[in-house]
Amino acid sequence: MSKLAKRLLIASIALVGLVSLWRFYRHVTRPAVSVTSYGAAGQVSGSLHVLQAGSSTGFIDCGNFYPEGSGSYARRLSRANRMSSELPVSASAVDYVILTHAHLDHIGRIPLLVKKGFKGRIYVTPGTARLMSPMIKSAVRYSPLKRKWVYSHNRLENSRSGKRTLVVHWNNCRYCKRITRKGHFRGTFNEMEDKMNLRLSPCRVCANMERDKIMETVKIVPFGKKFHPAPGITAEFVPNGHIPGSAAVLITITHNGQTKKLLFSGDTGKEHDILQRPAVVFPPADYVWLESTYGGTVRRQAPDAYARFARQVENELAQGHVVWIPAFALDRTQKVMHTLARYGHIEVPMYVTSPLANLFNRYYIQEYRGRKYGWFNEKVYTAPRMFPSYAHHLPKDTFKTHRPAILFTTSGMMDSGMSVSLLGKLLPRSDVSVFLVGYQDPDTPGGQLKKGKHKVYWKGKTYPVRARVYSYGFFSAHADMKDALYLLSRQNKKHVHIYLIHGDPESLKERKNKLTDKGFRHVSISRKGKEIIIFN
Ligand SMILES: [Zn+2]
Ligand SMILES: [Zn+2]
Ligand SMILES: [Zn+2]
């Protein structure tokens, strides 16, 4: 062995030794119980909090990142996709996951976790279990992960010549096995779509295989029932009024005879919402991780806001307009549809094109009829109907004729799905009225419309806007400052430590100041990766 090789060997042995020593030191000096936020810390999306207690490691939420922050939309999106493809802890070291609700910024990284070797249980409420299954399937299909894709060459030729979308596989499902002339692509779904310049559809059967494996690990626990995800930890779901099944999580930990209560708020709902059953005031805790989307804002909502919305829709229809409502598939579509059922007299055809939105519609109607989960407030169950009557498919001549109609599409920000494919057809028409009913990223088509632009730019194309545009903020399912104070009304202001999460930097600062003004002594903004020691 040469001198150099010997030296290299000694250096690498020393390095391995030092790393092991450092690991051992970290292990013995590790606090007994701690919480570290790796997502929704200093930002809205990517909710993920690690609870380390003795030898157990648990996640509260395991969500995707959205393209927030600064920079161009393309850059923000690629950053979000990269962050959504990573986990802060090795998946096999995670013993359990507790999910607060079925939105993707809270559950979107579950497929990644399971794929990387998670063997524990995922605890959810019955409502979340029902809603998360289709959401997980959607997350699996449009995952930002790199995959080995397989498609049929025969089908590719068909797709190139006609309008058929090409189904692409990644899990060797029964349909994939039957392909005789296989084509391959390695990369993300978006990369493949850009490269092939075709409309692609990630295989539903491949997605079902993955979804079913994930759903097998789910353990359903009703609200208020205590469960023990790991030794020494007792947890309980508390209704928080955000979307059906959504919950805050109350965790009780005893260490050396001392007990501490930790409350993760999840996404908090309003005190009064047209659909949801009201949130329950949070039980007293020592630590609260509080969602802060609305910062210090108090929504000014007229008591007849929902009725006014329905009237405005009717006005547009009376003028012969097509009312186009781009909305998120889960909960927002249903909330707006229920508003029209409750306060409107809709006599024109209504179309809901998204299969995912239609599936949730069906779940909401089943709940309205059967009252199985208790998702809604009393007024919903006693309303004469859940939704106005509607159809799933647009007739072929819908946009050729100039007849009034209501059209729901996804996505809500008009940056993907059917919403995008209608930009060119509907925005240039003066007999179209767009109703924006959710948050709009400023760079998306919805965001540009909200700003009053006369032209919308999206993915290299320009769309002139002659449609009327209305924007409504009150459909939001998030608590404002007043709702947050109501939810915190049982906390001891001098004692409770509040960590603000799930908000943009400005909102987090505002909420911190407002809570401090209201007498809360210990309010901090969660920092990504900062360990908060509960027991030393
Ligand atoms: Zn949410
Ligand atoms: Zn959220
Ligand atoms: Zn397949």
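Guide: In this predicted model, the protein chain is divided into domain 1 (27-125 + 221-297 + 479-535), domain 2 (147-211) and domain 3 (305-471), with bounds that come from an automatic or database domain assignment. The C-alpha centres of domain 2 and domain 3 lie 31 Å apart. Residues are numbered from 1 along each chain as its sequence is written, and chains are lettered from A and ligands numbered from 1 in the order in which they are written. Local features need pLDDT of at least 70, side-chain atom pairs count only at pLDDT 80 or more, and totals for chains, interfaces and linings use all residues.

Seven strands form an open sheet with mixed pairing, in the order β10-β5-β4-β3-β2-β1-β25. Here strands are DSSP runs of E of at least two residues, helices are runs of H or I of at least four, and both are numbered from the N terminus; two strands pair if DSSP finds at least two bridges between them. Because β10 (218-220) and β25 (531-535) each have a single partner strand, they stand at the edges, and one side of each is left without a neighbour in the sheet. On average, neighbouring strands of this sheet are turned by 25° against each other, direction ignored; the axes are lines fitted to C-alpha atoms, and angles run from 0 to 180 degrees between N-to-C directions.

Within the sheet, β4 (residues 96-98) and β5 (residues 121-124) run parallel and are joined by three bridges; Ile 98 has Tyr 123 of β5 as its bridge partner.

Another parallel pair is β23 (residues 497-501) and β24 (residues 522-525), joined by four bridges, where Val 523 in β24 is opposite Ile 498. Together with helix α18 (residues 505-517), β23 and β24 make a right-handed β-α-β unit: with the strands pointing away from the viewer, the path from the first strand over the helix to the second runs clockwise.
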